[in-house]
Each structure stands twice: as structure tokens, then as C-alpha cells.
Amino acid sequence: MKIIVDRERCVGAGQCVLAAAAVFEQSEDGLVELLQPEPSEDLHAAVTEAELICPSGAIELQP
């Protein structure tokens, strides 16, 4: 799995950080920061949840 984030679409809700703190964090400006662009398999469920609950659709997952 590969993660792509669009910081231009991010609204800073922080839902991704709550779902997968090992993969996402919020920068000083409140927008998403990607810590692991290709997370290990044990994080896939959390990352998928983060994509689904992102209110702005700023997270894209690729196989």
C-alpha cells in the first residue's frame, strides 16, 4: 500500500492522526504530514480507516 496526501485539500480536522498516529501527524500549520508513505501491513486497517473518515478526501491509497 502506498499513501498519497493532498495538503491543499486538507482541512486540519486531525481524524487521520486519531486513526493512525504512526502514519500521520499534523504539522504546525495544522495540516496533515505523512510519516510513512508505505506503511507495514499491520497498519493497513488503520490507514484505510483514516482514508474513509478524512472529511476533505485528502488521503488516497494505492495498492
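Leaving aside its neighbours within four places in sequence, which residues is L31 in contact with? They are R7, C10, G12, E25 and Q26, where contact means heavy atoms within 4.5 Å. L31 itself sits in the loop between β2 (24-26) and β3 (32-34).

Before going further, a word on what you are looking at. This is a predicted model, in which local features need pLDDT of at least 70 and side-chain atom pairs count only at pLDDT 80 or more, while totals for chains, interfaces and linings use all residues. Residues are numbered from 1 along each chain as its sequence is written, and side-chain values use heavy atoms, with hydrogens and water left out.

**The overall picture**

The protein chain has two helices and four strands; these are DSSP runs numbered from the N terminus, with helices being H or I of at least four residues and strands E of at least two. Read from the N terminus, their order is β-α-β-β-α-β. The radius of gyration is 10 Å, close to the 11 Å that the globule rule gives for 63 residues, so the chain is as compact as a globular protein of that length. That radius is taken over C-alpha atoms, and the rule is 2.2 Å times the number of residues to the power 0.38. Along the principal axes, the C-alpha atoms fill a box of roughly 30 × 20 × 15 Å.

Of the 63 residues, 32% are buried, meaning under 20% relative accessible area with a 1.4 Å probe, protein chains only (over 50% is exposed, and in between is partly exposed).

**The core**

The largest nonpolar core has 15 residues, and I3, C16, V23, F24, V47, A50 and I59 have the most contacts inside it. Such a core is a set of buried Ala, Val, Leu, Ile, Met, Phe, Trp, Tyr and Cys residues joined through side-chain atoms within 4.5 Å. Helices α1 and α2 (44-53) are the elements that give two or more residues to this core. Leaving aside neighbours within four places in sequence, I59 touches I3, I4, V5, C16, F24, A50, E51 and C54.

**A closer look at A19**

A19 is found in helix α1 (residues 15-19). It counts as buried because its relative accessibility is 18%. Beyond neighbours within four places in sequence, A19 is in contact with A46, E49, A50 and I53.

Here are two C-alpha separations to find in the structure:

| Pair | Apart along the chain | C-alpha separation |
|---|---|---|
| A19 and E60 | 41 residues | 15 Å |
| L31 and I3 | 28 residues | 16 Å |
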